[in-house]
Amino acid sequence: MVPSSYYLVLGAVLFGLGVIGFVVKRNIITIFMAIELMLNAVNLAFVTASRASGQLDGLVYVFFVIVVAAAEAAVGLAIIILVARNRQTLNVEHLDLLKN
Amino acid sequence: MSDFLARHALLSVSIVKIVVLMFLMMTTLAYLSWFERKVIAHIQARWGPYRVGPHGLLQPLADGIKFLFKEDVTPSGVDLFVYYLAPFLAMALALTSIAVIPFGPGKFTLFGYTTGLQVAELDIGLLFLFAITALGVYGVALAGWSSNSKYSLLGGLRSSAQMVSYELSLTMSVVGVLLMAGSFNLKEIIEAQSGTALHCLPRWNLLAAPMPQVIGFFCYFTSAIAETNRLPFDLPEAEGELVAGYHTEYASFKFAMFFMGEYANMVTVSCLATILFFGGWLSPFPQTPLFGWTHFLPAVFFGLGGLWLLQDGLRKNTGYKRIVLTILALVLFALAFVFFRPESRAFELVQGPFWFLLKVFLFLFFYVWVRGTLPRFRYDQLMAFGWKLLLPASILNVILTSLAIAMRPK
Amino acid sequence: MTAGLILFFVLAAVAVGGAVALIAARHPIHSALALIVVMVALAGLYLLQGADFIAAVQIIVYGGAIMVLFVFVIMLLNAGVEERTNFSRMAPYVGLPLGIFLLLELAYWVWRAPAISRTGPAGPVDTKALANMLFNQYVFPFELTSLLILIAILGAIVLAKRES
């Protein structure tokens, strides 16, 4: 069997890659996708912890994380559509109305 | 060698089953296109293909050769990776979903490993099928987008919006069956429908005890026709509307892959309809000794088919047509003989798949019949039908089924 | 080298490869496809651990609905390749190594955590037990999330409507 620490290391690596993607990329939709990647890494940690301890609560949390991520994606993408419609750009560096 | 196969029995048996199933599926898909053309032609008072081989039986072969040898045109400005990925994705997903469908109850032993008549028996078989259906939207959406053409983009967007909308009522209409069977495992769903009501009627889910799933079946099959983009719901890919929708810019073999992916989806949906609502591989006759003669029906079916082909072949005027049909007739007679002897293993193994494939064939005939008969929905009518009629109807089915089960006397 | 270990490494490699492709891709649609690959690989990892219901929910909801939403928005907004920016010259030379260092440090401390190196119970999760827990113990969050989804649907429709 695969030890649980292997899964957790994979979750950590995916989370780190999500953080890197969030910071490096400039397209707002890609940044949002990096957030989803981080959420998925957290889900992997939840499932691993749930299976390692034998309790099913972790799986229920995973269920809720997936559902809330769906709701968040819907509203976030609606906001992105509004931003793109009003500012005609998807580059976060040009969305700097609050600066100075 | 056989020792190696016996040690890795699970892997080798799975590979054998996959190869056999792939071969049978590809042949079925090719001849499904022949069947559709013949049936639609006869509905429209004309003959279908009849020149290539007797009764046009070699037409799929000719079409396959044509698809292989046609020039493969790639339009300029396409996103090459996504353009090549989309038809591959459509066909791969459609073929993957056949892996969990149980064709019969029997078990057979190969390389010392006993296994059932399906490639993979999953405890969440039904959820797996829905997952594959959910991923099937990508083939269409990515094909439409990557073709760098307005017609394709509009067709792809419309088609994927339609598929996503009808996916909802597709999955909701099945929840009633799930409540009655209590499991996602397809074999257990079929076995929950075994036995008889009133000693002679089969207990299929369509008319079963706590709540007959009639609304569920109608919602399911209508959503399935919409989900597989067939008439009357095929506005996004119809000829004459939007040129050809999302597969306008696809040349020979890639178009063939979309085409076969659509037929494979049809087959999967028909298999699922028989499993969920019509008892799968269960015979419509009760399994009592009084009805023991029904076990000989597969042999009789093949024998009659062979006789018909024989007399049809002998009446043809060209030599090779006579030979082809006579050979087919002899093959059917051999099958009938194999299935005729009650003590052979094949006799009991063939009962389940025979009834299953017969019911699937009836559903496919119904699909083609509907295509030849009904006119097309307009896009706004289509979306209104899906959201305002089918989804509330399937939710109503869930409510009624749960009420019926909860109020059943313990 | 059991089959489970091989499968884990294959799926982990696919997941990490997908995540790297998400960062390295220049067109958002390629990033979206890479994210779908990551999600399917993660569903495979959930299956490997025995949580088959969660794996199916992951593919149906994440891969079949949320990512379809992303792909639709990318297609509708006609998002193109990312343009070169002259924001900061030093960013790739300082930022990327720091990010990778963060990743490796997280991995190291997770690896060193003592109490969770067990292998856990074998066999698949009982879906009935999971459903019992969801509808008995966690029924209040369950109803709350359904309300949340309703609010999200209404919010998305109101936000994205064109002023007519």
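This is a predicted model: local features need pLDDT of at least 70, side-chain atom pairs count only at pLDDT 80 or more; totals for chains, interfaces and linings use all residues.
1. **Chain C on its own.** The chain has 164 residues, and 38% of them count as buried. Among its contacts with a separation of 6 or more, 63% join residues 24 or more positions apart.

2. **Who touches whom.** There are 2 pairs of chains that touch, and chains A and C make the most contacts. Chain A and chain B do not touch, and their nearest C-alpha atoms are 15 Å apart.

3. **The A–C interface.** This contact draws in 81 residues of chain C and 69 residues of chain A. About 6800 Å² is buried between the two chains, with 77% of that area coming from carbon and sulfur atoms. The count of salt bridges across this interface is 0.

4. **The B–C interface.** Here 20 residues of chain C meet 21 residues of chain B. The area buried between chain C and chain B is about 1800 Å², 82% of it on carbon and sulfur atoms. Salt bridges between these two chains also come to 0.

5. **The cores.** The largest nonpolar core has 168 residues, and those with the most contacts inside it are A:Ile29, A:Met33, B:Leu126, C:Met67 and C:Phe70. Helix α3 of chain C (residues 52-77) gives the largest share of this core, with 16 residues. Another core, of 9 residues, lies apart from it; B:Ala299, B:Ala329, B:Ala336 and B:Phe339 are among its members.

6. **Helix α6 of chain B.** This one is worth a close look. How many of the 10 residues of helix α6 (residues 137-146) of chain B are buried? The count is 10 of the 10, so the helix is largely enclosed by the rest of the structure. The buried residues are B:Val137, B:Tyr138, B:Gly139, B:Val140, B:Ala141, B:Leu142, B:Ala143, B:Gly144, B:Trp145 and B:Ser146. The cover includes α4 (80-96), α5 (125-135), α7 (150-181) and α10 (252-277) of chain B, together with α2 (28-49) and α3 of chain C. After α6(B) comes B:Asn148, which has a positive phi, near 55 degrees.

7. B:Lys254 sits in helix α10 of chain B. Is B:Lys254 buried or exposed? B:Lys254 counts as buried because its relative accessibility is 6%, under the 20% cut-off. Setting aside neighbours within four places in sequence, B:Lys254 is in contact with B:Asp72, B:Tyr83, B:Tyr84 and B:Pro87. B:Lys254 and B:Met180 are 74 residues apart in sequence, and their C-alpha atoms are 42 Å apart. B:Ser270 is also found in helix α10 of chain B, and at 0% relative accessibility B:Ser270 counts as buried. With neighbours within four places again left aside, the contacts of B:Ser270 are B:Val360, B:Phe363, B:Leu364 and B:Tyr367. From B:Ser270 to B:Val140, 130 residues apart along the chain, the C-alpha separation is 21 Å.

8. **A nonpolar patch on the surface.** In soluble globular proteins, nonpolar side chains tend to be buried together. With that in mind, have a look at the patch formed on the surface by B:Tyr31, B:Val52, B:Leu58, B:Leu61, B:Ile65, B:Leu68, B:Phe69, B:Phe253 and B:Tyr320, which together have about 900 Å² of accessible area. Which helix gives the most to this nonpolar patch? Helix α3 of chain B (residues 59-69) does, with 4 residues. B:Ile65 lies in that helix, and since its relative accessibility is 44%, B:Ile65 counts as partly exposed.

Note on methods:
Residues are numbered from 1 along each chain as its sequence is written. Chains are lettered from A and ligands numbered from 1 in the order in which they are written. Side-chain values use heavy atoms; hydrogens and water are left out. Patches are made of residues with over 30% relative accessible area and no salt bridge: like charges are joined within 9 Å, nonpolar side chains (Val, Leu, Ile, Met, Phe, Trp, Tyr) within 5 Å. Accessible areas come from the Shrake-Rupley method with a 1.4 Å probe; for residues, only the protein chains shown count as cover. A salt bridge is a side-chain nitrogen of Lys or Arg within 4 Å of a carboxyl oxygen of Asp or Glu. Helices (H or I, at least four residues) and strands (E, at least two) are DSSP runs, numbered from the N terminus. Buried means under 20% relative accessible area, exposed over 50%, partly exposed in between (1.4 Å probe, protein chains only). A nonpolar core is a set of buried Ala, Val, Leu, Ile, Met, Phe, Trp, Tyr and Cys residues joined through side-chain atoms within 4.5 Å. Contact means heavy atoms within 4.5 Å. Buried area is the accessible area (1.4 Å probe) that two parts lose on being put together, summed over both.
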